[in-house]
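Subject: Structure handover

Hello,

Please find the structure below, followed by notes on what was found in it.

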Amino acid sequence: MSKATKKLLITASASVFLMAATSAPIFAAPSNPGYYVGNQKYLLSDIAANPSLLVQLNNNLNTKGLSSFIADLPEGRLNYAQFMAANPGKLNLSAFKTFAAAHPAVIPADAVIVRPDGTEQRDPDSPLPGISVQNGLITVSFSSAPSVTPTIKDFVVTQSVYGGSNPQVIVPSGLQLNSDGTVVLLSVPTIAATDIAQNIVYTVAYKLSSTVSAGFTLAANPTTGEPVGQAAISTVSTVNGTITVNFNKPVSVAEATYGMKISRSIDGGAGSTEVPSLVQVSGNTVTFKVAEVQSAAADQNVVYSLSYLNGTAINTVKFTVAKIPATIVSASAVNGTITVNFDKAVSVVEATYDMKISRSINGGAGTTEEPSLVQASGNTVTFKVTEVQSAAADQNVVYSLSYLNGTAINTVKFTVAKIPAKITSASAVNGTITVNFDKAVSDVEATNGMKISRSINSGTGTTEVPSLVQASGSTVTFKVAEVQFTDADQSVAYSLSYQNQTAYNTVSFNVAKIIVSAVNGSVTVKFTTVETVSEAIYQNLKFKQSIDEMTPTNVTPTASVLDSVNNSVTYTVPAVQKLYTEQTVTYSVYNWENPAAESNTFKTVLKSPTINTPVNLNSNNKIVTGTGEPDFKIKVKISDGTHSVENNAEVIVGTDDNFTVNFFANLGTIANGPITLTVTQRDKDNGREKTVNGFTGTNNQ
């Protein structure tokens, strides 16, 4: 930076110096004292309060140079470079005033004030440009050339015809600048003459400046030498966003655009001016596109008031903008009733006239449904429609719902079951119910549709769930839990209801008591019912054994044999070990864990060994016989008082309780004469042994 430029940098001390002058200014003091750098002005008051603004000013001056600097102070306004050239050396306040009075600097036409927050606002001391207009051309004159060469974007131009209240923004098509930059020529569209004279007014704003206006009159098209009468409104109609006006003669787009004044009022409120976004002309008819009135929470009554060419006759048109409609949130249906939930409350009238319902069955063509009754409660509406009657097969029903002709369709579905089969007859035996229907029924239908209740001896009914369902045509067999036998006869009744029909079919039968008999190792149960006993029954019986009235203990059969002729089952159970003292044995038969259905008692005791007497042994007879417990071992001892002999090998008692011991040559040591015999009996495990003495006989060898 040159020495001279550095000298001119604005400092706080220089500012104070310039502001400290006490002499009155030669010319009118500026409203906002400060410094210009180019077209940007920095106010003294802002600089004093914000030192950073002084730094910005100095940087700007360093960039743009000394020639761009204007001091606009109470002492005068001058170009600082010109002043220093004419008054070199030390700054002289008197010379400053004299030079400012003789050579006042011109404020830039596009001057703006730079505020401490960085924003810019138009400098009120900057002179407004002047304008003149003619058809197709606007001339803008500045008091001095703008610091930056103007472009079309710097200008905002509006055009008004007939002095109307609907000015139109015009974008110039071209821009020309004179040699010194003080005059700008803007090219705008020319306006065609009509059958009446037109008053044209242009308003121009340059950047942040206030607007300036100028106008001219465009004469009528001289077809007759005199202006013809203006068009008049014949009729008006409207829908939301569009006003259609019929005139008594053709009207041009320009005449319609600039001659029509439109005011809109909503629900009787104050009118507001409407500026059409589009004007279309076809002969005598003109269409004005205006802003649509948006739907709100309630209906809105809209009135447009129209005045053409400032005529006193006002034409009005009215229409209603319906409130924002409710929308369907969810829907459900059962046969004959559709329930719809909306996002807001809906009245009966709205629901009745605005809902469209179509019904389709099994994918067929839809038919329109007219509800017989509509009930509304807040956001929920119930529609009563014709019920779909049951048929021979199931029917898939779909309702399609459209509210206010909305494109979104809500669908709800349900199934109408086919006409159910009916029970014609039924029979039962224990564990099985057989039902005959009037038509074929599947396993699934029978399983899901049949309700079975069982009562025993007229007691409270209990629900039965079949373990197996078998269908064959119109006949269905239900396998149910068998009624267990007890010590008394039982009267069993089944009540049957199919598909929740109120008519109940009842079947009954009797379960007769059982008869139990027992021997050691075997229990026989006779079923007195006439039906053949099922394997499930006899395999599920439980047994307990009690000896000499002691606490019963569980007994598990090892085998069972069904006697279908006698309708009985014989169970093999562990035999009670016999003793030489008598035991009383009781077997009790149980159904599952129920109390004993029946019992039987028998006695058991081991048979003591005996020898058949008299015993007469000789050379031809060496055999001793007797009786004992079958399958036990026998030992016989013979004594003459001095010598004794025993059979070498123990013999086994036969199943007929008899045994025979043959001594053969063993008697050689026994003297002839009287003898005594002793018999000993024991089981095969050498247990439960018993010896009996005192048997007598003779030996004659």
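Which residue in E12 does Thr139 stand opposite? Thr139 stands opposite Leu185 in E12. Element names follow DSSP runs, numbered from the N terminus, with helices (H or I) of at least four residues and strands (E) of at least two.

Residues are numbered from 1 along each chain as its sequence is written, and side-chain values use heavy atoms, with hydrogens and water left out. This is a predicted model, in which local features need pLDDT of at least 70 and side-chain atom pairs count only at pLDDT 80 or more, while totals for chains, interfaces and linings use all residues.

Confidence

pLDDT is the predictor's confidence in each residue, from 0 to 100. Its mean over the protein chain is 83, and 88% of the residues reach 70 or more.

Two strands pair if DSSP finds at least two bridges between them. E7 (residues 130-134) pairs with E8 (residues 137-141) in the antiparallel sense over 5 bridges, and Gly130 has Ser141 in E8 as its bridge partner. The hairpin of E7 and E8 has 2 residues between the strands, and in it Gly136 takes a positive phi near 95°. E8 also pairs with E12, again antiparallel and over 5 bridges.

Thr190 sits in the loop between strand E12 (183-187) and strand E13 (198-206). Leaving out residues up to four places away in sequence, Thr190 touches Asn135 and Gly136. Thr190 and Gly136 are 54 residues apart along the chain, yet their C-alpha atoms are separated by 4.3 Å. Thr190 counts as exposed because its relative accessibility is 61%. The classes are buried for under 20% relative accessible area, exposed for over 50%, and partly exposed in between (1.4 Å probe, protein chains only).

Nonpolar cores

A nonpolar core is a set of buried Ala, Val, Leu, Ile, Met, Phe, Trp, Tyr and Cys residues joined through side-chain atoms within 4.5 Å. The largest has 40 residues, of which Ile433, Tyr494 and Val525 touch the most other members. Strand E37 (residues 490-498) gives the most to this core, with 4 residues. Apart from it lies another core of 23 residues, including Ile47, Leu61, Ala100 and Val114. Not counting residues up to four places away in sequence, the contacts of Ile433 include Ile452, Phe478, Tyr494 and Leu496.

Salt bridges

The count is 15 salt bridges, each being a side-chain nitrogen of Lys or Arg within 4 Å of a carboxyl oxygen of Asp or Glu.

- Arg115 and Asp46: the closest N and O atoms are 3.2 Å apart. Arg115 is in the loop between strand E5 (112-114) and strand E6 (120-122) and Asp46 is in helix H3 (residues 44-49), so the pair ties together parts 69 residues apart in sequence. Arg115 is partly exposed at 23% relative accessibility, whereas Asp46 is buried at 8%.
- Asp657 and Lys607: the side chains meet at 3.4 Å, N to O. The two residues are 50 apart, Asp657 in the loop between E52 (651-652) and E53 (658-662) and Lys607 in the loop between E46 (596-604) and E47 (610-611). Asp657 is partly exposed at 23%, and Lys607 is partly exposed at 34%.
- Asp631 and Lys684: the N to O value is 3.0 Å, and the pair links parts of the chain 53 residues apart. Asp631 is partly exposed at 41%, and Lys684 is partly exposed at 49%.
- Lys633, Glu650, Arg682 and Glu689 are linked in a network.

Gln40

Gln40 is in strand E2 (residues 40-43) and is buried, with a relative accessible area of 16%. Its side chain makes a polar contact with the side chain of Lys64 at 3.5 Å. A polar contact is a pair of N or O atoms within 3.5 Å; within protein, one must be able to donate a hydrogen and the other to accept it, and residues adjacent in sequence count only if both atoms are side-chain atoms. Beyond its neighbours within four places in sequence, Gln40 is in contact with Tyr35, Asn60, Lys64, Val112, Val114 and Glu120.

Regards

Technical notes. Contact = heavy atoms within 4.5 Å.
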